[in-house]
Amino acid sequence: MVKHVILWTLKEEFSPEEKATIKAGIKEGLEALQGKIPGLIDIKVYTEGLPSSNADLMLDSSFEDEASLKGYAVHPEHVAVADGKVRPYTASRVCLDYEV
């Protein structure tokens, strides 16, 4: 199994209210991919970090294998969510992929 974990920070130009709406859209969009992408075992987005956090949200996902993760990266439904709900609003992205 392969884990795919991403931490994002949102652009500073957004108000707290806008950030809450953006985070909800990212969560809804990415979690809706469950059952639609071959090899995707589980996908969760966490949007409510503690005040000690220095990221705004986290993606925690699991895949059958590395090939499934590569397929997810280019799958049209994932690309649509990434291009429409994630990339326009994020300032930074940090990713860690690892085998379990």
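A residue counts as buried when its relative accessible area is under 20%, as exposed when that area is over 50%, and as partly exposed in between. The structure discussed here is a predicted model. By this definition, Tyr89 is partly exposed, because its relative accessibility is 27%.

| Residue | Relative accessibility | Class |
|---|---|---|
| Trp8 | 5% | buried |
| Phe14 | 16% | buried |
| Tyr89 | 27% | partly exposed |

**Aromatic pairs**

The model holds two aromatic pairs. In the pair of Phe14 and Tyr89, the ring centres are 5.7 Å apart and the planes stand at 55 degrees, so the pair is tilted. Phe14 belongs to the loop between strand 1 (2-10) and helix 1 (16-31), while Tyr89 belongs to the loop between helix 3 (76-86) and strand 4 (90-99); the pair therefore ties together parts that are 75 residues apart in sequence.

**The surroundings of Trp8**

Trp8 is part of strand 1. Beyond its neighbours within four places in sequence, Trp8 contacts several residues, including Ile26, Leu30, Leu57, Val86 and Arg93. The C-alpha atoms of Trp8 and Arg87 are 9.8 Å apart in space, although 79 residues separate the two in sequence.

**Helix 2 and helix 3**

The axes of helix 2 (residues 66-74) and helix 3 come within 5 Å and cross at roughly 55 degrees. Helix 2 is therefore oblique to helix 3. Tyr72, Ala73 and Val74 of helix 2 meet Pro76, His78 and Val79 of helix 3 in this contact. Of these contact residues, five are nonpolar, one is polar and none is charged.

Conventions: Residues are numbered from 1 along each chain as its sequence is written. This is a predicted model: local features need pLDDT of at least 70, side-chain atom pairs count only at pLDDT 80 or more; totals for chains, interfaces and linings use all residues. Side-chain values use heavy atoms; hydrogens and water are left out. Rings of Phe, Tyr and Trp (its six-membered ring) pair if their centres lie within 6.5 Å; planes under 30 degrees apart count as stacked, over 60 as edge-to-face and the rest as tilted. Helices (H or I, at least four residues) and strands (E, at least two) are DSSP runs, numbered from the N terminus. Buried means under 20% relative accessible area, exposed over 50%, partly exposed in between (1.4 Å probe, protein chains only). Axes are lines fitted to C-alpha atoms, for helices over the stretch in contact, and angles run from 0 to 180 degrees between N-to-C directions. Angles under 35 degrees count as roughly parallel, over 145 as roughly antiparallel, 65 to 115 as roughly perpendicular and the rest as oblique. Contact means heavy atoms within 4.5 Å. Ala, Val, Leu, Ile, Met, Phe, Trp, Tyr, Cys and Pro count as nonpolar, Asp, Glu, Lys and Arg as charged, and the others, Gly among them, as polar.
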